[in-house]
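Let's take a walk through this one together, from the place where the chains meet to a few individual side chains. Have the viewer open as you read.

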Amino acid sequence: MVPPRTSLEPHGFDRLAQEPMKIECTSKDDFTLVALDGRLDVEGVQQVGDAFSFQVTVGRKPAVVDCSRLSFVASLGIGLLVTAAKALSRSGHKLVLLRPSPAVEETLRTAGIHHLMPIVHDDAAVPAALR
Amino acid sequence: MPRMPQRLELTLHGFADLEPASRRVREFLREGGIDDRRSYHADLAIEEIVVNVLRHGARGGPKGPIGLTVELDAADGVLLTFADDEHEFDPWSLPAPDVNAPLDERKVGGLGVHLVRTLARRVAYERKGGRNETRVWI
């Protein structure tokens, strides 16, 4: 049963509603698929940062980050993506971002991320982006 | 019909207040009829400015609360005002990062202020009565 959202701190903040950031990894033949679900803000990076960095690099193959359920990304989250892309590039592999929302993509492009890793919106575009 | 100006005032005492505060602001903006894109930009500005103050503001001195005021104007604009009593620091004086640098030369960090400055309509900073007052118009 979902608890009612009535718990208020003295200064009025409701601390119950936020779902924690989730990460799901699948090892494919040619790449590692990492799906992020939630807000990649300071709290989200604390929750999944270590797991993300590990999962992206442990397979020693390219990585595709499914951003379709990523509702928000801040600079700390972008830093996480850049660090992972740098680690992969040292072994000659790419990191590809798949299906970010328009708002998330606008943030990524404002940070120049599209110069560092491909952003694609179609599964069929992934193989070419990984090359 | 133009909307009447509205105002929300919050006080953040640390990182634990950031997510619930940004959620409260998102609700306030939704109720105020602000579109999703502008609300996202406000959310981003709150995250970046507050994290900046909490991570870099206090250098051995007392860490006071951060005041956040959100105001809606009649033209669907959003004004965010952040006030803190840390040492004098103008975030808009920071140099812009090179967002065109290749991966091996790309620095991790320094992006937050750039994102806010680029996506906002206008930004400003003032040292007022011993406090930093940072403004972002979305």
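**Where the two chains meet**

Across the interface of chain A and chain B, the rule finds two salt bridges, a salt bridge being a side-chain nitrogen of Lys or Arg within 4 Å of a carboxyl oxygen of Asp or Glu. Before going on, a word on the ground rules: this is a predicted model, so local features need pLDDT of at least 70 and side-chain atom pairs count only at pLDDT 80 or more, while totals for chains, interfaces and linings use all residues. Residues are numbered from 1 along each chain as its sequence is written, chains are lettered from A and ligands numbered from 1 in the order in which they are written, and side-chain values use heavy atoms, with hydrogens and water left out.

Go to A:Glu106, which forms a salt bridge with B:Arg37; their closest N and O atoms are 2.4 Å apart. On the side of chain A that touches chain B, the elements giving two or more residues are helix H1 (42-58), strand S3 (63-73), helix H2 (75-89) and helix H3 (102-110) of chain A. Helices (H or I, at least four residues) and strands (E, at least two) here are DSSP runs, numbered from the N terminus. H2(A) gives the largest share of that side, nine residues. Sorted by class, the side of chain A that touches chain B has 15 nonpolar, 11 polar and eight charged residues; here Ala, Val, Leu, Ile, Met, Phe, Trp, Tyr, Cys and Pro count as nonpolar, Asp, Glu, Lys and Arg as charged, and the others, Gly among them, as polar.

How many residues does each chain bring to the contact? Chain A gives 34 and chain B gives 38, with contact meaning heavy atoms within 4.5 Å. About 2800 Å² is buried between chain A and chain B, and carbon and sulfur atoms give 58% of that. Buried area is the accessible area (1.4 Å probe) that two parts lose on being put together, summed over both.

Now for the rings. A search of the whole structure turns up one aromatic pair over all chains. The rings of A:Phe72 and B:Tyr40 have their centres 5.2 Å apart and their planes at 45°, so the pair is tilted. The cut-offs: rings of Phe, Tyr and Trp (its six-membered ring) pair if their centres lie within 6.5 Å, and planes under 30 degrees apart count as stacked, over 60 as edge-to-face and the rest as tilted. A:Phe72 sits in strand S3 of chain A and B:Tyr40 in helix H2 (residues 36-57) of chain B, so the pair joins two chains. Both A:Phe72 and B:Tyr40 are buried, which is to say under 20% relative accessible area, with exposed over 50% and partly exposed in between (1.4 Å probe, protein chains only).

Helix H2 of chain B also holds B:Asp43. Is this residue buried or exposed? At 4% relative accessibility, B:Asp43 counts as buried. Leaving out residues up to four places away in sequence, B:Asp43 touches A:Arg39, A:Phe72, B:Ser22 and B:Arg26. A network of salt bridges links A:Arg39, A:Asp41, B:Arg26 and B:Asp43.

Step back to chain A as a whole. Chain A has four helices and five strands, and along the sequence they follow the pattern β-β-α-β-α-β-α-β-α. Of its 131 residues, 48% count as buried. In helix H3 of chain A you'll find A:Glu105, which is buried, with a relative accessible area of 13%. Not counting residues up to four places away in sequence, A:Glu105 touches A:Pro100, A:Ile119 and A:His121.

There are 14 salt bridges over all chains. One of them pairs A:Asp123 with A:Arg99, the closest N and O atoms being 3.0 Å apart. A:Asp123 lies in the loop between strand S5 (119-120) and helix H4 (126-130) of chain A, and A:Arg99 in the loop between strand S4 (95-98) and H3 of chain A, so the pair ties together parts that are 24 residues apart in sequence. A:Asp123 is partly exposed at 46% relative accessibility, and A:Arg99 is partly exposed with a relative accessible area of 30%.

Over in chain B, the side chains of B:Glu27 and B:Arg24 meet in a salt bridge (4.0 Å, N to O). Why are they about one helical turn apart? Because B:Glu27 and B:Arg24 are three residues apart in helix H1 (residues 18-31) of chain B.
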